[in-house]
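Biologist: I am new to reading structures, and I would like a close look at a single part. Could you pick one chain, walk me through it, and then show me what surrounds it?

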Amino acid sequence: MTWKQRLGSAIPYILLTILTIPVFVGYLWIIISTFSGRTYGLVPVDSQGNFGGLTLENWSFLWEDPNIWFVTLNTLLLSVLLTVGVVIISALAGYALSRISFPGRKTFLAGTLILHAFPSVTLLISIYFVLRWISNLPVLGKGLPIIGGFGYNTVGGVALVMVSLSLPLGIWLMKGFFDNVSWDMERAALIDGCSRLRVWWEIMLPSIKPGIAALSIFTFITGWGAFLIPYTFITDQEKSTLAAYLNSLMGETAPVNYSRVAAVGLFQLIPVLFFFIFTQEYLLSIFSGGSKGGT
Amino acid sequence: MTTTAVPAEPVPMRVSYRDRLRRLVSPMLFMTPAGVLTVAFFFLPVIILFGISLTNLSSSTGFKNYEWVGFENYVKIVQNPLTKLNLIATIKYVSLTLVFFNIGMALVVALLSTHISRRAGFVYRALWLLPRLTPSVVYIMMWKFIGADSPYGIMNQHVLEPLGLSTANWVAARPWLFVILTNGFIGASFGMIIFTSAIESIPRDYMIAAQVDGCNAWQRIRHVILPMMRWPLLFVVTYQTLSLLTSFEQIYLLTDGAGGTEVWALWAYHRALNNYWGNFQWGFGAALAMVLVAIGIVASVVYMRFFQFNALVQEPKIEAM
Amino acid sequence: MKVLLENLSKHFGSVVAVDGVTLDIRDSEFVAFLGPSGCGKTTTLLMVAGIYKPTTGIVKFDERVVNHLAPRDRKIGMVFQSYALYPHMTVYQNLTFPMRLSKVPKSEMEARAKEAADILGIGALMDRRPGQLSGGQQQRVALGRALAKQPDLLLFDEPLSNLDARLRLSMRGEIKRLQMELGITSIYVTHDQVEAMTMADRIAVIREGKLQAYATSDELYDQPRTLFIAGFVGNPPMNLIEVEVLQEGDSYRARRNGFDLQLSEARGHKAAGRGKVILGIRPEDVSIGDRGLRGEVYVVEPLGRDDLLDVHVGDASVHVLADPSLHLKIGDQVQLGLNVDKVQFFDPESEQSLLWA
């Protein structure tokens with residue numbers, strides 16, 4: 001190869017690296033900042049503005065602020081509820097839509113597709129009223145242990161809203177995965193003695209494990225980072241989710257201690273990065289089915 | 001198989017009620033949870049939203065003393081001086097983000113990452129997925145710090161100062177730039193993934209033929225790849241337009257609508273659920289949201305016609321329950 | 001168990017996949033559904049299995065109408081072309097899955113699985129998963145799964161189509177032997193007429209959703225009732241030549257341009273005086289000799305035991321099985337003797353046989 005060819009084949013790498021810099025830089029900053037008293041750009045500095053000042057002080061929130069653990073558990077609870085809810089309900093409906101002929105099937109499928117591209121966040125106003133109505137139900141509204149209930153200002157309520165808004169994507173994905181399972185295998189299972197519910201549980205679900213894994217991880221990450229819906233429907237920010245907690249750190253305490261905020265941010269990022277590193281393939285595959293984009 | 005007419009005398013069949021019941025109950029078993037939630041959090045809210053938009057319901061009227069005002073809220077929207085500003089902001093936000101990132105950047109990254117080694121291409125694409133996975137609050141915080149005041153901000157400290165250029169708090173000074181960057185870096189991954197699979201599904205023979213014919217890389221992209229990407233491009237454009245139109249979380253966190261970045265969806269959110277004065281104008285906010293819902297419904301219907309929904313739906317090949 | 005299909009039809013929207021099929025299957029009988037792909041034979045089988053609901057018509061097991069019976073309540077075993085094994089289960093779990101569902105006691109389950117595995121020679125594979133098996137082994141497991149549940153009726157949907165030729169041959173014999181030993185009523189769907197002819201007691205030929213014939217293989221071969229059967233059954237296929245049959249005194253002659261054949265009276269008189277008819281003759285019923293129709297060898301295809309010749313007689317093409325020791329070459333002039341007791345005649349319009357209607 002001549003140097004010109006070499007350069008030619010290096011150009012895509014160079015371009016891609018330049019384009020991807022903001023992502024690198026953002027993550028780099030958050031990591032450096034977390035262990036510094038303060039930073040000038042990406043350089044950790046001490047109080048005189050000289051290089052240095054590395055510290056673990058920023059992580060003291062982990063033992064000094066009791067709210068953080070409450071909020072973390074709440075976020076975990078929300079993510080788990082969301083994941084379990086979305087996966088089970090989508091897998092049930094996705095199976096029926098893919099595999100059972102029943103009146104209204106096409107209508108529901110079309111509905112799912114429409115909802116899929118639907119401005120669901122604009123419904124928050126009326127969902128607020130639905131949640132307030134659920135709050136008035138005995139026990140279910142706000143009398144349940146741990147999740148609080150399914151009404152306004154409860155983790156269960158937020159989870160319920162988020163499950164519902166995630167269903168169009170979930171159902172569509174699950175249907176796509178079920179579509180690819182062999183018909184003969186399901187026929188064999190029916191002949192071997194399964195009911196449709198049993199086929200779903202014993203034969204179909206094990207056959208789409210990768211799809212379930214992808215949807216679970218994606219949904220978990222969505223729940224873990226959720227801001228707008230918990231923020232809107234849980235009134236006490238310090239008792240809601242990590243994202244809302246983090247947001248409240250940036251708003252009220254002036255001047256903002258960015259290094260500390262970064263530490264909380266990194267704390268919230270850890271599970272996301274963990275999943276990202278080990279499951280990129282799954283996550284990249286989730287959109288190729290033709291699905292929803294956030295922004 | 002033939003398409004001859006239905007036989008004139010079908011043999012009458014015994015109807016078993018148990019069988020009928022099973023045919024009714026079995027799908028319901030699977031569909032009920034999804035059905036109930038869809039009704040409770042999509043259909044009902046749309047109706048409620050429309051209902052509220054016809055009232056003057058607000059935190060000052062409370063839930064008892066509101067009145068039905070007909071289409072007054074919609075008239076108010078038309079008359080409101082902010083309407084024009086926010087409409088322009090919305091169009092600016094959607095079109096710039098779409099052109100530069102959700103389509104432009106997505107296409108560039110997809111093309112570049114499919115022209116390098118598979119493994120490296122995969123790594124770059126995975127990196128571009130990160131912004132979407134990062135919790136929005138953390139993500140916006142990163143960008144705020146990239147643009148923050150000297151000496152803290154990364155742009156000021158590492159790019160502008162060494163070059164001797166003036167510094168500023170860039171998020172405040174250039175709100176639009178940052179609104180588009182933050183949303184763009186999230187939005188690009190959707191198009192990128194769709195475009196990548198489209199490029200990878202172009203038969204290799206076409207590419208080889210183009211190379212044999214002496215095409216350089218640019219000509220190959222221009223004359224072989226792009227013409228075959230018409231459908232994915234159209235799909236991403238329609239889909240992402242709608243998606244951008246109704247997203248406001250990042251703008252809310254970044255500028256909260258300051259500097260002329262109050263897009264329509266954020267406006268509705270502010271008026272109805274989150275404002276500084278604590279006066280929630282549910283009626284007016286609902287009318288604002290209803291405008292988006294209407295656009296959404298119309299767009300979805302058009303979109304389904306366009307992308308041939310019926311072709312996507314196969315009949316199940318099992319009729320037993 | 002006896003099976004009866006009565007006027008069975010299946011429509012998918014406006015497409016008629018199965019059109020009024022009526023046939024009976026005796027206890028312990030082995031019946032093949034034979035036809036080209038897309039002819040509705042698998043759809044018929046799936047209606048027997050209960051996977052598809054008949055649009056009209058009745059499926060009876062013994063004296064009982066089973067139309068509304070779920071597949072799991074029909075006591076059938078089925079073997080699929082794609083094997084349809086459960087990939088997340090071991091061979092043993094696959095074999096015992098139907099028994100686990102019907103709550104067979106564990107000891108009996110083990111015994112039955114072992115017995116099936118021993119019969120099929122897959123005893124050593126019990127802990128493997130389907131993904132680790134060859135195609136032939138997978139099909140044995142699938143067969144074992146269908147047998148171990150001790151069904152009243154066995155259904156086969158092109159079970160050998162995915163196997164290579166050698167394996168297909170040995171499995172063919174094995175399935176036939178098992179079916180005879182166990183005496184389980186069986187329906188075997190195939191597009192391969194050799195499979196149908198060698199294995200089945202009776203063959204139902206299906207074309208475009210309609211039952212064309214339901215007979216033993218000998219009858220199908222020697223007395224084809226329709227043009228379709230004549231062309232479909234037998235390999236190499238029957239020669240079909242358009243001729244006119246004329247009666248000249250006591251003798252009957254089949255004629256066309258450059259083609260003139262003396263017929264037997266028994267067969268000739270049924271085709272005479274009808275204008276154009278189609279004459280059918282199997283390649284093995286044509287011999288090369290020093291008398292008969294003059295023709296020119298157009299193509300020679302050596303098949304090993306025989307040479308398959310394409311001989312042009314006038315403007316008609318006649319396939320002939322010839323002895324390779326004759327060393328015939330392209331362009332050779334030959335004379336063809338047709339066995340006049342084996343010729344068939346069909347009406348070109350109705351495509352029905354003129355001999356066996």
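Modeller: Happy to! In this predicted model, buried residues make up 41% of the 321 residues in chain B. The chain is built from 15 helices and has zero strands. Its radius of gyration is 26 Å, well over the 20 Å that the globule rule gives for 321 residues, so chain B is more spread out than a compact globule. You can follow that in the C-alpha trace, which spans about 90 × 75 × 30 Å along its principal axes. Links along the chain also reach across the sequence: among contacts between residues at least 6 apart, 68% join residues at least 24 apart.

Let us zoom in on one residue, Gly283(B), which sits in helix H14 (residues 282–306) of chain B. Is Gly283(B) buried or exposed? Gly283(B) has 27 other C-beta atoms within 10 Å, and 20 or more are enough to count as buried, so Gly283(B) is buried. Leaving out residues up to four places away in sequence, Gly283(B) touches Ile52(B), Ser53(B), Thr55(B), Asn56(B), Leu57(B), Ser58(B) and Asn73(B). For a sense of scale, take Leu98(B): Gly283(B) and Leu98(B) are 185 residues apart in sequence, and their C-alpha atoms are 31 Å apart in space.

Now look at where chain B meets chain A. This contact takes 91 residues from chain B and 81 residues from chain A. On the chain B side, helix H1 (residues 17–53) gives the largest share, with 18 residues. By class, that side of chain B divides into 65 nonpolar, 20 polar and six charged residues.

Eight of its nine residues are buried, so H7(A) is largely enclosed by the rest of the structure. The buried ones are Asp184(A), Met185(A), Glu186(A), Arg187(A), Ala188(A), Ala189(A), Leu190(A) and Ile191(A). What covers them includes helix H3 (66–99) and helix H8 (196–207) of chain A, together with helix H1 (41–49) and strand S6 (76–79) of chain C. Just after H7(A), Gly193(A) takes a positive phi of about 125°.

If you click on Ala204(C) and set aside its neighbours within four places in sequence, you will find it in contact with Leu23(C), Val31(C), Ala32(C), Phe33(C), Leu34(C), Leu211(C) and Tyr214(C).

One last helix to trace is H5 (residues 165–182) of chain C: its 18 residues reach 26 Å from first C-alpha to last, close to the 26 Å expected at 1.5 Å a residue. H5(C) is followed by Gly183(C), whose phi is positive, near 65°.

Notes: Residues are numbered from 1 along each chain as its sequence is written. Chains are lettered from A and ligands numbered from 1 in the order in which they are written. This is a predicted model: local features need pLDDT of at least 70, side-chain atom pairs count only at pLDDT 80 or more; totals for chains, interfaces and linings use all residues. Two residues are in contact if their C-beta atoms, placed from the backbone, lie within 7 Å. Helices (H or I, at least four residues) and strands (E, at least two) are DSSP runs, numbered from the N terminus. A residue is buried if 20 or more other C-beta atoms lie within 10 Å of its own, exposed if 12 or fewer, and partly exposed in between; C-beta atoms are placed from the backbone. Ala, Val, Leu, Ile, Met, Phe, Trp, Tyr, Cys and Pro count as nonpolar, Asp, Glu, Lys and Arg as charged, and the others, Gly among them, as polar. The radius of gyration is taken over C-alpha atoms; the globule rule is 2.2 Å times the number of residues to the power 0.38. The expected span of a helix is 1.5 Å times one less than its number of residues.
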